Amino acid sequence: MSTKPVELPKTATPWPDPMIPRAYRVDQVRQETSDTFTLELAPQDGKPEMSFVPGQFNMLYAFGVGEVPISISGDPGKPAVLVHTTREVGTVTRAMRRLKPGDTLGVRGPFGTGWPVTQARGSDVVIVAGGIGLAPLGPALYQVLAARKYYGRVVLLYGTRTPADILFRRELQQWHSRFDLEVHVTVDRAMGTWRGNVGVVTALIARAPFDPHSSVAMVCGPEVMMRFTVQELERRGVGLENVYLSMERNMKCAVGFCGHCQFGPTFICKDGPVFRYDRIQPLLAIREI
Ligand SMILES: Cc1cc2nc3c(=O)[nH]c(=O)nc-3n(C[C@H](O)[C@H](O)[C@H](O)COP(=O)(O)OP(=O)(O)OC[C@H]3O[C@@H](n4cnc5c(N)ncnc54)[C@H](O)[C@@H]3O)c2cc1C
Ligand code: FES
């Protein structure tokens with residue numbers, strides 16, 4: 001059976017003006033790895049919590065410094081806590097890293113398309129993540145597991161550079177212990193006491209237990225990793241119309257006004273960031289817009 005391609009889910013922005021940030025309080029800061037941290041946030045205005053679909057992102061505003069797009073990494077079934085996992089790479093993410101419980105962060109969103117989680121019901125689900133790419137895919141996995149009986153086999157393939165770069169260790173342990181979820185983690189370079197897989201994440205695809213003719217694949221990571229992942233999935237027999245990627249290119253307004261993320265008729269911010277592969281293939285060949 002071949003899985004039919006689907007339209008990607010979007011939710012309406014709940015905030016009256018999508019350009020005005022809403023104040024959120026930092027409730028928890030968790031260091032995931034040496035350069036990556038998770039913030040748990042709650043709205044300060046007492047208004048309803050944010051509902052979102054897995055794969056959507058928010059614009060996070062570090063006051064006086066700047067604003068950056070960051071995917072929502074928490075469980076969509078627990079919207080009372082807004083969770084973001086961020087790698088510190090530059091000015092804004094460095095300022096975010098300095099936040100402490102009780103501090104305030106501006107939040108606009110949620111924006112963009114989501115992973116086709118509901119639409120994948122009845123199929124096997126293959127999630128392939130590289131590095132920080134596990135953050136936007138986490139909510140998709142939470143949602144699949146919350147409705148586990150509607151899916152066939154569910155496989156998570158996750159690769160990082162070294163064992164020290166593995167995110168969500170606590171969650172990975174819980175996912176590992178489930179009988180209805182196949183989890184394989186690999187590292188480019190083994191270090192310390194690592195006894196697991198060594199090699200790139202794409203090498204796991206050939207042996208992973210799923211039916212390529214009835215699978216939906218969701219992929220996020222560095223663009224080079226996503227390109228090779230698509231090749232391996234295709235080699236395995238997965239139809240490219242059933243492969244979805246998240247394009248994390250630079251953006252400013254996030255609502256289709258400024259053109260910063262525009263590529264021809266496509267806006268990454270509002271037509272993505274999650275795209276069906278066959279619709280975004282030409283863009284992958286272009287370095288930055
Ligand atoms: C839709 C979307 C979702 C994202 N989700 C996450 C997430 O969940 N977690 C996370 O850590 N990051 C995520 N990013 C990337 C994040 O937005 C950037 O890392 C951030 O904007 C960097 O801002 P900065 O001011 O700290 O760094 P800057 O000072 O702007 O840049 C520092 C370095 O990072 C590079 N950089 C800037 N933006 C990006 C980008 N979009 N992708 C790759 N490299 C970039 C710059 O080229 C530069 O080399 C996402 C991006 C998009 C578009
Ligand atoms: S970020 Fe402004 S149009 Fe997409």
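Is Asp35 buried or exposed? Asp35 is buried, at a relative accessible area of 19%, where buried means under 20% relative accessible area, exposed over 50% and partly exposed in between (1.4 Å probe, protein chains only).

The model is predicted: local features need pLDDT of at least 70, side-chain atom pairs count only at pLDDT 80 or more, and totals for chains, interfaces and linings use all residues. Residues are numbered from 1 along each chain as its sequence is written, and side-chain values use heavy atoms, with hydrogens and water left out.

**View 1. Salt bridge between Asp35 and Arg87.** The closest N and O atoms are 3.9 Å apart; a salt bridge is a side-chain nitrogen of Lys or Arg within 4 Å of a carboxyl oxygen of Asp or Glu. Helices (H or I, at least four residues) and strands (E, at least two) are DSSP runs, numbered from the N terminus. Arg87 is partly exposed at 34% relative accessibility.

**View 2. Salt bridge between Arg108 and Glu67.** The N to O distance is 2.7 Å. Arg108 lies in strand E6 (residues 104–111) and Glu67 in strand E4 (residues 66–71), so the pair ties together parts 41 residues apart in sequence. Arg108 is buried at 2%, whereas Glu67 is partly exposed at 27%.

**View 3. Salt bridge between Asp124 and Arg153.** These side chains meet at 3.5 Å, N to O. Asp124 is in strand E7 (residues 124–130), and Arg153 is in the loop between helix H2 (134–146) and strand E8 (154–160). Asp124 is buried at 7% relative accessibility; Arg153 is partly exposed at 44%.

Conventions. Chains lettered and ligands numbered in written order.
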